[in-house]
Amino acid sequence: MEHVGVTRARSYLSTFASGDTEGLKDYFADDVVWHVGGKHQLSGDYRGRDALFDYFAKVRDLTGGSLTVEEEHVLASDQHTAMFTRVRGDLDGRHLDVSMAQTFRTGPDGRWVEYFAMADDQKAVDAFWGAS
Amino acid sequence: MTTTAGTGLHPNALAMIQVMHDYSSGDHEAPRRVFAEDCVWHAAGDNDYSGDRVGLQSVGDWFVEMAGLADDNSITTEPIDVLADDTHVVFLHRLRARRGAKYLDQTHMNAWRFEDGKCVEGWFLPESTDDWDDWVRG
């Protein structure tokens with residue numbers, strides 16, 4: 001039987017793919033912390049749902065909505081959800097195509113409170129987004 | 001089959017936990033037991049040990065090198081959560097280690113992809129790469 005965290009993660013990916021930004025908000029706690037690694041213009045920590053969705057909007061604007069996140073594998077426990085995904089996108093003639101290991105920490109109400117992730121090719125991610 | 005922490009551990013989860021326990025107990029060669037010959041290891045951060053290692057020898061050496069950075073017997077690892085199934089394991093743990101005047105106390109994510117019972121690809125991500133880099137640089 002599929003863990004509820006796996007079901008939730010797949011629903012999230014489906015909502016993301018549909019472009020329903022408002023629908024994504026239900027997945028995150030108000031005080032969510034989203035860590036973006038690397039050395040590029042978007043690197044850093046985004047604290048709070050408003051800041052997170054400003055970040056999502058910037059990603060969408062920079063890539064013209066071309067960023068896609070495709071499930072490769074999902075695991076979940078009561079405390080965490082892990083997604084292995086293929087992330088692709090285009091920006092100023094550059095193309096991104098990386099595998100990512102992503103982990104979400106789950107709060108008591110099932111919404112995600114923290115996120116951190118790593119690509120299989122961080123240099124490609126840094127080059128794609130570019131410096132600030 | 002996917003298991004959740006506390007409800008029964010998948011064999012891949014048990015293997016990971018045992019390897020990390022043995023590693024932190026001084027057996028720095030332990031990770032070599034679970035990696036495939038053609039494995040790839042992705043290490044986060046911006047230090048001399050970041051980036052990709054390819055092949056069992058090189059990946060195993062990374063773990064030995066990491067242990068060598070810490071003062072003797074100063075590494076402790078406390079499991080936080082493990083998620084596992086037949087093909088993937090994600091292991092979250094609190095790692096503490098001393099390096100001279102610097103003391104590391106962070107949550108680390110290790111994500112492993114398995115094929116035929118061996119890890120073919122892994123990701124290492126500390127909760128703060130800046131703090132990790134600072135500790136590694138000594």
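Is B:D116 buried or exposed? B:D116 is exposed, at a relative accessible area of 83%, where buried means under 20%, exposed over 50% and partly exposed in between, with a 1.4 Å probe and protein chains only.

Okay, ground rules before I go on. This is a predicted model, where local features need pLDDT of at least 70, side-chain atom pairs count only at pLDDT 80 or more, and totals for chains, interfaces and linings use all residues. Residues are numbered from 1 along each chain as its sequence is written, chains are lettered from A and ligands numbered from 1 in the order in which they are written, and side-chain values use heavy atoms, with hydrogens and water left out.

Back to that aspartate. B:D116 sits in the loop between β5 and β6 (118-126) of chain B; helices (H or I, at least four residues) and strands (E, at least two) are DSSP runs, numbered from the N terminus. Most residues other than glycine have a negative phi. Chain A has one of these too: A:D92, with phi near 50 degrees. A:D92 is in the loop between β4 (80-91) and β5 (94-106) of chain A, and A:D92 is exposed at 68% relative accessibility.

Now, aromatics. There are 32 aromatic pairs over all chains. For the cut-offs, rings of Phe, Tyr and Trp (its six-membered ring) pair if their centres lie within 6.5 Å; planes under 30 degrees apart are stacked, over 60 edge-to-face, and the rest tilted. Take A:W34 and A:Y55: that pair is tilted, at 6.3 Å centre to centre and 45 degrees between the planes. A:W34 belongs to strand β1 (residues 28-36) and A:Y55 to helix α3 (residues 49-63), both of chain A, so the pair ties together parts that are 21 residues apart in sequence. A:W34 is buried at 6% relative accessible area, and A:Y55 is buried as well, at 13%.

For an edge-to-face case, go to chain B. The ring centres of B:F124 and B:W132 are 5.1 Å apart, with the planes at 65 degrees, and both residues are buried.

Which cluster does A:W34 belong to? A:W34 and A:Y55 are part of one aromatic cluster in chain A, whose other members include A:Y12, A:F53, A:F104 and A:W112. Two of those rings also have a charge over the face. A:R8 lies over A:W112, 6.0 Å from the ring centre, and A:K25 lies over A:F53 at 5.6 Å. The criterion there is NZ of Lys or CZ of Arg within 6 Å of the ring centre and within 35 degrees of the ring normal.

The lining has 15 residues, with B:Y23, B:M66, B:L95, B:H108 and B:W132 nearest the centre. So B:W132, from the edge-to-face pair, turns up again here. B:L95 is in strand β4 of chain B and is buried, at 12% relative accessible area. Five elements of chain B each supply at least two lining residues: α1 (11-24), α2 (56-69), β4 (88-99), β5 (102-115) and α3 (129-137). Of these, α2(B) gives the most, four residues. By type, the lining has twelve nonpolar, three polar and no charged residues; Ala, Val, Leu, Ile, Met, Phe, Trp, Tyr, Cys and Pro count as nonpolar, Asp, Glu, Lys and Arg as charged, and the others, Gly among them, as polar.

Last topic, cysteines. There are zero disulfides over all chains, a disulfide being a pair of cysteine sulfur atoms within 2.5 Å. B:C39 has its nearest cysteine sulfur, that of B:C119, 6.6 Å away. B:C39 is buried at 0% relative accessibility, and B:C119 is buried at 0% too.

Notes
On a 1 Å grid over the protein atoms alone, a cavity is a set of points where a 1.4 Å probe fits but cannot get out, and a pocket is an open set with protein on both sides within 12 Å along at least five of seven lines; lining residues have an atom within 4 Å of a point.
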